[in-house]
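Here's a quick briefing to read alongside the structure. Have the viewer open and click along.

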Amino acid sequence: MNAMTPIVAAGRPEVEFRKGETMRLQPIRAFRAVNRLMKDKEDTAAVFDLMRALSGNAIAKGYARLMKTPRGGRIAYERDELNDRLMDRQWLESFAPGTVGAAYLAHMDERGFTADGLKEISEQTRDSQVEAAHPLTWYARRMRDVHDIWHVLSGYRTDALGEACLVAFSYEQTRSLGFGVIALAAGGKFGKAKNGQPYRAAIRQAFRNGKAAAWLPEVDYPALFAEDLEAARARLGIKPPTVYLSIPPELRDGAFEPATTE
């Protein structure tokens with residue numbers, strides 16, 4: 001490759017965004033997706049369907065904000081694909097114990113997750129354009145791929161309450177309506193669990209924590225992975241999820257788990 005060779009996203013389709021297509025909300029589709037998710041908290045496809053239905057202009061606004069900062073502009077110029085890095089096992093294993101990178105790898109291994117798992121589900125979403133060659137779809141991929149990194153940074157695990165809290169946290173970071181709808185719907189369902197646990201208070205705190213933290217979409221994640229986890233949380237203003245942590249782990253699925261009988 002010489003200096004005049006353009007950077008090309010090999011194998012990615014081209015896409016044209018029209019205002020009517022990118023701004024139009026799809027409330028019926030969103031309603032159906034929420035119903036699916038409330039019946040099955042593991043239905044990740046419903047999450048992506050809901051996010052597509054309520055995407056509005058959140059991605060365009062997020063990308064525009066990214067471009068207004070020197071670091072964000074550099075990141076957008078480089079167009080680093082986080083998924084490729086997060087699927088590089090050797091790279092992940094290079095981080096010392098106690099770092100963000102080591103905590104991320106432990107988080108993924110403990111659950112049997114891979115970054116490609118979210119990628120594959122997102123690609124299956126009806127009329128998804130996330131893998132297209134376009135600055136906005138690159139940003140959308142970035143927002144998809146940081147999900148489990150934000151689990152690690154925020155301290156919310158992958159039980160039902162942890163996921164509800166993380167989407168509340170993410171709403172304040174992205175202003176994506178889909179995240180807010182999921183958080184509110186989950187709060188309503190958790191409110192039906194009559195076991196005295198402060199589920200809704202945990203979700204409300206997650207909204208506050210997301211709002212108080214630094215703007216995470218512009219973080220240089222490859223550099224962040226080498227930082228000490230607790231030092232990174234402090235630098236980014238990510239407060240501990242004290243209400244969530246006060247709830248016993250075995251009760252964090254609350255109303256999402258069917259009652260058992262002896």
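Arginine 85 sits over the face of tryptophan 91, 5.5 Å from the ring centre. Keep in mind that this is a predicted model.

**Charges over rings**
- Besides the Arg85 contact with Trp91, arginine 252 lies over the face of tyrosine 244, at 4.3 Å from the ring centre.

**Aromatic pairs**
- The count of aromatic pairs comes to 10.
- One of them joins tryptophan 91 and phenylalanine 95 edge-to-face, with 5.0 Å centre to centre and 85° between the planes.
- Phenylalanine 95 also pairs edge-to-face with phenylalanine 225, this time at 5.8 Å centre to centre and 75° between the planes.
- What does that second pair do for the chain? Phe95 is in the loop between α7 (89-92) and α8 (100-111), while Phe225 is in the loop between α15 (221-224) and α16 (229-235), so the pair ties together parts that are 130 residues apart in sequence.
- Phe95 counts as buried because its relative accessible area, 14%, falls under the 20% cut-off.
- Phe225 is buried too, with a relative accessible area of 1%.
- Put together, Trp91, Phe95, Tyr104 and Phe225 make up one aromatic cluster.

- In soluble globular proteins, nonpolar side chains tend to be buried together.
- Which residues touch the most other members of the largest nonpolar core? Out of its 35 residues, they are Tyr104, Leu153, Tyr221 and Phe225.
- Another core lies apart from that one; it has 33 residues, including Ala30, Tyr156, Ala186 and Val243.
- Leaving out residues up to four places away in sequence, leucine 153 touches Val100, Tyr221, Leu224, Leu229, Arg233 and Ile238.

**Helix α14**
- How well does the span of α14 fit its residue count? At 1.5 Å a residue, the 14 residues of this helix (199-212) should span 20 Å, and the end C-alpha atoms are 20 Å apart, so the two agree.
- Buried positions in α14 are Tyr199, Ala202, Ile203, Gln205, Ala206, Phe207, Asn209 and Gly210.
- Among the elements covering those buried residues are α12 (160-174), α13 (177-190) and α17 (242-246).

Notes. Residues are numbered from 1 along each chain as its sequence is written. This is a predicted model: local features need pLDDT of at least 70, side-chain atom pairs count only at pLDDT 80 or more; totals for chains, interfaces and linings use all residues. Side-chain values use heavy atoms; hydrogens and water are left out. Helices (H or I, at least four residues) and strands (E, at least two) are DSSP runs, numbered from the N terminus. The expected span of a helix is 1.5 Å times one less than its number of residues. Buried means under 20% relative accessible area, exposed over 50%, partly exposed in between (1.4 Å probe, protein chains only). Contact means heavy atoms within 4.5 Å. A nonpolar core is a set of buried Ala, Val, Leu, Ile, Met, Phe, Trp, Tyr and Cys residues joined through side-chain atoms within 4.5 Å. Rings of Phe, Tyr and Trp (its six-membered ring) pair if their centres lie within 6.5 Å; planes under 30 degrees apart count as stacked, over 60 as edge-to-face and the rest as tilted. A charge sits over a ring if NZ of Lys or CZ of Arg is within 6 Å of the ring centre and within 35 degrees of the ring normal.
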